[in-house]
Amino acid sequence: MAVPVTVLCGGLGAGKTTLLTSLLEAADREIAVVVNDFGDVNVDADLVEARTDLEDGDEVVALENGCICCSLGGELSRSVVRLWKQYEFDALVVEASGVGEPESIAHQFVRGPAGGPYDLDAVVTVVDARQFHDTFAEGGEPVREGPDEDGRKPIADLLLEQVEFCDLLVVNKCDLVTDAERDRVVALLETLQPRAEVVTTAYGDLDPGTILESDRFDLEAARQSAGWKRAVEEGDGPDHGHGHHDHDHDHDHDHDHDHDHDHGHGDHDHTHPPEEYGIAVDTYHRVRPFHPGRFTDLLADLPAELVRAKGLCWIAGRDRQAITMSYAGTETTLEVTGRWIASFSEQQQETYRQGQDDLEWHEDHGDREVRLALIGRDLDVDRLLDRLDDCLLTDEEMELEWTADNPMPTSMGETYTVSTLTDAPTAAESDD
């Protein structure tokens, strides 16, 4: 029988280790714990009994309660398979690093070698209530400026992706916020990730049954359930097809999944209408490209009330590249994620179009479009929509050439980042 796996994500300092330690102390089963991307085992020292090694040198810690923990230096999928061969345990918990992308970890247990001995049970994201409120629900100090030196996504973007790709959201450190602040955080989280259950706690104190063997995970549902994706899909009614050919050959589909929101700790047992907290979700859809210069200027001056913006962009001078725009915190990352179907040969276009019955197709521009989801709190949406319209090419500009001196990315793996804190955008090439 496959071993159930829980992936534990969250920002640095959110309380993952506290939650994990509490889980190990309370669980009545033997749990293997993988601490991914850390040099040292990150578990309460009082639980440690002895240290050993896997055959490849990865460190394993035996815990007092019969569980084991290892700090993996190698590739995750191969390492957890070796762990399964050498030890017996009832469940596996993978504690991702604070900058871990949950979807890439999940794929290793669904489509990689680890998918044989293991069954991915849930992706859990831990949120620091105080930090999340001040950064996203109130628009306070940013998490960090700019992409890192390797061109990876800004931390704020990664934190929201951890929220958007999960089955359970644990709002931790609720003792550091007021009830009203906690409720606003929950309301925003429910907007960003409508599918996930939300529970609240102060010190990572949850019943093990909430985390372990909950049978929550559904890969396709998790990938499609982020609030911004739902807004893009549903924003214009039934005609919601996306035309670009995606690098991973994946296409969006609607999934309806209903979950009760039992907030447990803190007597928090009801969902929150986003409107009650000034939270709104809107869609911006145009069939005309952005002017690269005016669009960059806008991205450097986005309103503080905008929490999240994400979607596809058609940018002048980039008629082949389908560019994904992702805004979080104070930074926007523009990345080529595929090609517009209209940029392929007529035969290839016909093949792709036959596979997408609901694809919108313009006689002159094909599937090229701008389609963004905008999530804000107390946001002047009409004003932002007008500013976005001002970034579109005029009829006269549509006849011009836009390839020269154009900073927008041109190839897969290349990103362009604009910060609202500086007027110096940066371009970087990803290691991926």
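Predicted model: local features only at pLDDT ≥ 70, side-chain atom pairs only at ≥ 80, totals over all residues.
1. Numbering starts from 1 along each chain as its sequence is written, and side-chain values use heavy atoms, with hydrogens and water left out.

2. The chain has 12 helices and 17 strands (DSSP runs: H or I of at least four residues for helices, E of at least two for strands, numbered from the N terminus). Of its 432 residues, 55% are buried, meaning under 20% relative accessible area with a 1.4 Å probe, protein chains only.

3. Have a look at Phe 165, in the loop between α5 (155-164) and β8 (168-172). Why does Phe 165 count as buried? Because its relative accessibility is 5%. Leaving aside neighbours within four places in sequence, its contacts (heavy atoms within 4.5 Å) include Pro 102, Val 123, Phe 217 and Leu 219. Gln 224 is 59 residues away from Phe 165 in sequence, yet their C-alpha atoms are 8.6 Å apart.

4. Now for a helix pair: α2 (residues 76-86) packs against α3 (residues 102-110) at about 50 degrees, with axes 10 Å apart. The axes are lines fitted to C-alpha atoms over the stretch in contact, and angles run from 0 to 180 degrees between N-to-C directions. Leu 76, Ser 77 and Val 80 of α2 meet Ile 105, Gln 108 and Phe 109 of α3.

How values were computed:
Buried < 20%, exposed > 50% of the residue type's maximum accessible area, 1.4 Å probe, protein only.
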